[in-house]
Amino acid sequence: MVEGLPGNGEVAARLELMGDLLEIEGAVRHRVLAYRRGAARIRATPESVAALAVAGRAVELPDIGATLQDKVAELATTGTIGALDRLCSRVPPGLAEVARLPGLGPRRARALFEQAGVTGLDGLRRALAEGRLAGVEGIGPKTVAALEAELAARDAAPADALAPLGRALPAAERVAAALAAATGARVEVAGSLRRGADRVKDVDLAAASDDPEAVHRALAGLGLVDEVLTEGPEKTAVRTHDGLRVELRTAPPDRFGNLLQHLTGSRAHNVRLRELARRQGRSVSEHGIVDAEGRTATSPDEAGVYRELGLEWIPPELREDRGEIEQARDGRLPRLVEVGDLRGDLHTHSTWSDGTATIAEMAAAAAARGYDYLGVSDHSRSLAMAGGLDPDRLRRQWEEIARVQEGVSGVRLLRASEVDILADGRLDFDDEVLAALDWVTASVHSAFRQPPERITARLLAAIEHPHVDAIGHPTGRMLGRREGYAFDVDRVLEAAARTGTCLEVNGQPARLDLDAALARRALEAGVRLIVSSDAHSTDALGFVRNGVLVARRAGARAEDVANTRQWPGLRD
Ligand SMILES: [Zn+2]
Ligand SMILES: [Zn+2]
């Protein structure tokens, strides 16, 4: 933060709002995108963009042209952006939030404003309650029902201060990288985020430096930081523009391993380590390991800390006091699956359903990741809202897959599908269609509120189906939005193990489904997992990293995850 100037988060929020309102007004696509790209760039810039703009140097950043720079400089010097104020007088700013509701979008948001006087979420609630949406263009009874369900779910969800792993981890790594770049110190993400927890309350950073004051000061001064909560010398706490609370502690490089180990936890794991040390007549803390004579052993890396205690280094994802300390003592720790072990991704979407990238673009991105295969698994027809394919369109998609394949070497494109498990347990395609697919993931996308016996029966029917290879996001949970549906976990695991049907660990930030606890139970029941991105864009192929973290927390080795295999072996 630079005193007196708007922070990068505030600047970005204004530009995003401009993009959203221009879109609702019907501006050309590239103008809208220019504001959105600029805002994303500003959010991820470690220096004050307002200061750069005032000095005429913001244009040196990618995605920031002269128009955006002028607006940022205007905001920095006058506190407002005239063009945004004028835009707000034509398009109520509350409509931006309305447009983001699932199933609405800018055009319907504008119709709601023009034809029902809706200017924001509260107005939309009132209009729904008073039944005033009938007759608004593009808003049928189905959309009304979906809106009511969505708004009710938001009211029911507890105000949730927890950030999901998939959002917190990249944000924390951005801060760590910016701090390392600003100071030359080694900076690592620690805490529950490093252990791969689903959701985190805050982010712990550990830095190695002989000049702790400089590191604490540098964190407080980063452009990514919105607010400094407490500053040094022991600890600095800040809030970033994406709302994440970040706490930094430092140690001299010779005992950085002790600090990182201590901050990574978990509490239960560290308690067991202290017990183990006490039996050896020693004590453990972030400052080092002290023996009976008062001598302190320190280590620049974590492996040295564990070695001092007679243990192998323990992967952070296993540090939950579930027997990992005994395994480390006896040299029995599993070699956990890694992102680099994955040979392909079998659950991805393209523009044929609700993805944003073409098959060719997804294939190129898969090749860039070094994959051997990519399952093009668009939705089936019942998921009409997501552009699900009927058998005719599916066959035409196969023609495109074949065409794209001709121009792509290295990656085998597979005819896959994410087929709906319908409310009565049938699948959304006939056996004949399913038999022609290379890989079938079956997922529940509807009728979540059925009684547990019904949901269990649907899942079992899909698992027992001879053409189903995997069950997608098996519990249907959405982090911070809805719990998974209730079903008989033991029966589902038993059937999956018996039939060889994989259960997915879906890496989408909002899903992480199975979670680590269920994935662990699945492995214990003899079920093979599959780690997928469920990508709807090329970048989202990277979501497999979240899935791999969950699988590692479950103790999964490469051989426990089906898509670490080459395609011919996996198919058989
Ligand atoms: Zn799905
Ligand atoms: Zn999907």
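Along the chain, the donors of the zinc ion (ligand 2) follow the spacing H-x1-H-x68-E-x115-D; donors are N, O and S atoms within 2.8 Å of the metal (3.2 Å for Na, K and Ca), and sites may look incomplete, as water is not among the atoms. H349 lies in the loop between strand 11 and helix 17, and D534 in the loop between strand 17 (529-532) and helix 23 (544-553), so the pair ties together parts that are 185 residues apart in sequence. Helices (H or I, at least four residues) and strands (E, at least two) are DSSP runs numbered from the N terminus.

This is a predicted model, in which local features need pLDDT of at least 70 and side-chain atom pairs count only at pLDDT 80 or more, while totals for chains, interfaces and linings use all residues. Residues are numbered from 1 along each chain as its sequence is written, chains are lettered from A and ligands numbered from 1 in the order in which they are written, and side-chain values use heavy atoms, with hydrogens and water left out.

The two sites are set out below.

| Ion | Donors | Distances |
|---|---|---|
| zinc ion (ligand 2) | H347 (NE2), H349 (NE2), E418 (OE), D534 (OD) | 2.1 to 2.2 Å |
| zinc ion (ligand 1) | E418 (OE), H445 (NE2), H473 (NE2) | 2.1 to 2.2 Å |

E418 coordinates both ions, which are 3.4 Å apart. Around the zinc ion (ligand 2), the four donor atoms subtend angles of 82 to 167°, so the arrangement is irregular. Four donors count as tetrahedral if all angles lie between 85 and 135 degrees; four count as square planar and six as octahedral if opposite donors are over 155 degrees apart and all others between 65 and 115; anything else is irregular.

H445, in the loop between strand 14 (439-443) and helix 20 (452-464), and H473, in the loop between strand 15 (470-471) and helix 21 (489-499), are 28 residues apart and link distant parts of the chain.

H349 counts as buried because its relative accessibility is 1%, and D534 counts as buried because its value is 3%. The side chains of H349 and E418 are joined by a polar contact of 3.0 Å. Such a contact is a pair of N or O atoms within 3.5 Å; within protein, one must be able to donate a hydrogen and the other to accept it, and residues adjacent in sequence count only if both atoms are side-chain atoms.

Conventions: Buried means under 20% relative accessible area, exposed over 50%, partly exposed in between (1.4 Å probe, protein chains only).
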